[in-house]
Amino acid sequence: MKKLLLLVLVLSFSSLAFAGPITYTIDFEQYSAYTQITNQYAAQNATFTNALQLVEPFYDYFDYPPHSGSGVITNDPNDPITVNFSVLMYNVSFWYAAPDGIVVTGSNGAVINGAGVDGTNAQIVVPGAVTWITISANDGADYETVDDLTYTVVPEPGSFLLVGTGLLGLAASLRRKLGC
């Protein structure tokens with residue numbers, strides 16, 4: 001019986017060791033043209049403000065091409081696009097097209113100036129951990145597109161501690177019941 005209890009504990013803790021970071025990529029392919037994007041990606045821990053879905057061929061995709069597929073978002077009805085994350089995110093990046101460039105601001109104080117690109121895409125990487133970012137066109141108008149937003153959530157060590165403590169309590173309880 002002790003061997004069975006030991007096996008259960010080892011398997012439980014080994015599963016915790018494999019619970020690693022989760023990376024999400026939003027490619028903006030799921031919705032039709034001119035859909036206002038707000039909480040459609042809440043399951044991926046992201047909500048948006050001032051984000052409008054654009055889909056080829058219903059916009060100027062020659063000057064503002066998607067990085068992949070046929071869908072992007074733009075800053076409409078107002079500037080900036082705001083992305084709020086429900087948990088702390090790392091490695092936030094996206095592709096953009098904007099003839100006059102963009103400014104990206106992160107909740108961690110990061111400010112990144114993206115060069116102007118027209119007819120192609122450039123990538124922005126936000127350093128550090130953030131709970132929100134804003135993406136603004138340098139000219140303040142809706143002359144930008146964003147595609148393939150990628151970010152990573154890392155499970156917090158406190159979660160592992162809580163699960164581990166619960167498993168130890170369960171093991172102790174089983175041990176008393178089974179008389180091991």
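**From the surface to the core**

Let's start on the outside: a nonpolar patch sits on the surface, formed by Leu88, Tyr90 and Val154, and together these residues have about 220 Å² of accessible area. Keep in mind that this is a predicted model. Leu88 belongs to strand β6, which covers residues 81-98. Its relative accessibility is 37%, so Leu88 counts as partly exposed.

Now for the inside. In soluble globular proteins, nonpolar side chains tend to be buried together. Here, the largest nonpolar core has 31 residues, and the ones with the most contacts inside it are Phe48, Val92, Phe94, Leu149 and Tyr151. Which strands each supply at least two residues of this core? They are β1 (22-26), β3 (46-49), β6, β7 (102-106), β9 (117-137) and β10 (145-153). The top contributor is β6, which gives eight residues. Apart from this core lies another one, made of six residues, including Leu54, Tyr59, Val72 and Ala97.

Let's zoom in on Phe48. Setting aside neighbours within four places in sequence, Phe48 is in contact with several residues, among them Ile26, Phe28, Tyr41, Ile73, Val83 and Leu149. Phe48 also forms one aromatic cluster with Phe28, Tyr31 and Tyr41.

Speaking of rings, the whole structure holds eight aromatic pairs. Take Tyr59 and Tyr61: their ring centres are 6.2 Å apart and their planes meet at 65°, so this pair is edge-to-face.

Note on methods
Residues numbered from 1 in each chain as written. Predicted model: local features only at pLDDT ≥ 70, side-chain atom pairs only at ≥ 80, totals over all residues. Heavy atoms only, no water. Patch = residues over 30% accessible without salt bridge, like charges linked within 9 Å, V, L, I, M, F, W, Y side chains within 5 Å. Areas by Shrake-Rupley, 256 points an atom, 1.4 Å probe, with all protein chains shown as cover. Salt bridge = Lys/Arg side-chain N within 4 Å of Asp/Glu carboxyl O. Helix = DSSP H or I, 4+ residues; strand = E, 2+ residues; numbered from the N terminus. Buried < 20%, exposed > 50% of the residue type's maximum accessible area, 1.4 Å probe, protein only. Phe/Tyr/Trp six-rings, centres within 6.5 Å; stacked < 30°, edge-to-face > 60°. Core = buried A, V, L, I, M, F, W, Y, C linked by side-chain atoms within 4.5 Å. Contact = heavy atoms within 4.5 Å.
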